[in-house]
Amino acid sequence: MFGFVTASFKELTKEQQHRYQTVYCGICRQIRIRTSQTARLGLSYDMAFLALLLMSLYEPEETDGKRACSMHPLRPRPWVDNTFIQYAADMNVALAYYKAQDDWNDDQSLSAKIKTGIFGSNYEQIAQHYPRQCRAISDCIAQIRTLEEENCSNPDLLANSFGTLMGELLVYDEDMWAPTLRRMGMGLGRFIYLADAAVDYRRDLRKKKYNPYVAMGCSEDWSRWEDYLVLAMSRCTEEFEKLPLVQDKALLDNILYSGVWGNFKRKKEEGRDGRE
């Protein structure tokens, strides 16, 4: 369900590309430090957005460095570290754990079982440190699974569950910005869920898997689906613009105003072509 909230890399300046990569590598490095080498297999660029947003809002002190790693053994890669890089690393592992569990429930595959073990080995520690966020992930994914099992024909119910999940992830502290971040996360989460449902429509129809648009008896209707996405993202960006962001604002703008739409277009074409 992830892979939408990433930058349009070709539209970034060299400096922005460097910044984006250092944040991504910083998260990867912290996953290794805080969990394991293999847990980095679940790393998502979407978490770079989470880190950049909170870093821009709170502007924490940063440390940086450069080193080679098992992923890039020949060329040292620069990284940056701070509280929110570490937070994004923990949330990445928590989400990967529940995704692996969900995949295991779906198909009982060996791959899903292995991933559940990889990401689950440190999950309890993460849940103790971030109980609200992890409870939201658990509860919202359970709600979505129940609605799927009921063949729910109302996409809003499932999209709202995922929006609630995203809202809780965007809120690091219960401070003055929490209501705005929750509303922003609701719009972003709705966009992610509905975009994923649209691009998976043909595959889910063919494989007889749950899809909210299939369940509601909807034929392929990209114009209608894209209207839903515009509304969801407009609600997200309306709240985003209320935040006093300066640091990395242009990079965040790229992700929300260009990157998400470029990724949707790419996945849409893949879905139409029958690629998975």
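A residue counts as buried when its relative accessible area is under 20%. This report applies that term to a predicted model.

**Thr 6**

Thr 6 is found in the segment that precedes helix α1 (14–34). Because its relative accessibility is 12%, Thr 6 counts as buried. Its side chain forms a polar contact with the side chain of Asn 263, at 2.6 Å. When neighbours within four places in sequence are left aside, the residues in contact with Thr 6 are Tyr 20, Tyr 45, Asp 46, Ile 255, Gly 259, Val 260 and Asn 263.

**The nonpolar core**

The largest nonpolar core comprises 82 residues. Val 23, Ile 27, Phe 49, Leu 53, Met 184 and Leu 188 have the most contacts inside this core. Helix α8 (residues 178–199) gives the most to the core, namely 12 residues. As for Leu 53, residues up to four places away in sequence not being counted, this residue touches Leu 170, Leu 181, Met 184, Phe 240, Leu 243, Leu 245 and Leu 252.

**Helices α6 and α7**

The axes of α6 (residues 131–149) and α7 (residues 155–170) come within 9 Å and cross at roughly 170°. The two helices are therefore roughly antiparallel to each other, since angles over 145 degrees are classed in this way. The table lists the residues that meet.

| Helix | Residues in the contact |
|---|---|
| α6 | Arg 132, Gln 133, Ala 136, Ile 137, Cys 140, Ile 141, Gln 143, Ile 144, Leu 147, Glu 148 |
| α7 | Leu 157, Leu 158, Ser 161, Phe 162, Thr 164, Leu 165, Glu 168, Leu 169 |

Of the residues in this contact of α6 with α7, 11 are nonpolar, 4 polar and 3 charged.

Definitions and conventions: Residues numbered from 1 in each chain as written. Predicted model: local features only at pLDDT ≥ 70, side-chain atom pairs only at ≥ 80, totals over all residues. Heavy atoms only, no water. Axes fitted to C-alpha atoms, helices over the stretch in contact; angles between N-to-C directions. Helix = DSSP H or I, 4+ residues; strand = E, 2+ residues; numbered from the N terminus. Parallel < 35°, antiparallel > 145°, perpendicular 65-115°, else oblique. Contact = heavy atoms within 4.5 Å. Nonpolar A, V, L, I, M, F, W, Y, C, P; charged D, E, K, R; others polar. Buried < 20%, exposed > 50% of the residue type's maximum accessible area, 1.4 Å probe, protein only. Polar contact = N/O pair within 3.5 Å; in protein donor to acceptor, adjacent residues only side chain to side chain. Core = buried A, V, L, I, M, F, W, Y, C linked by side-chain atoms within 4.5 Å.
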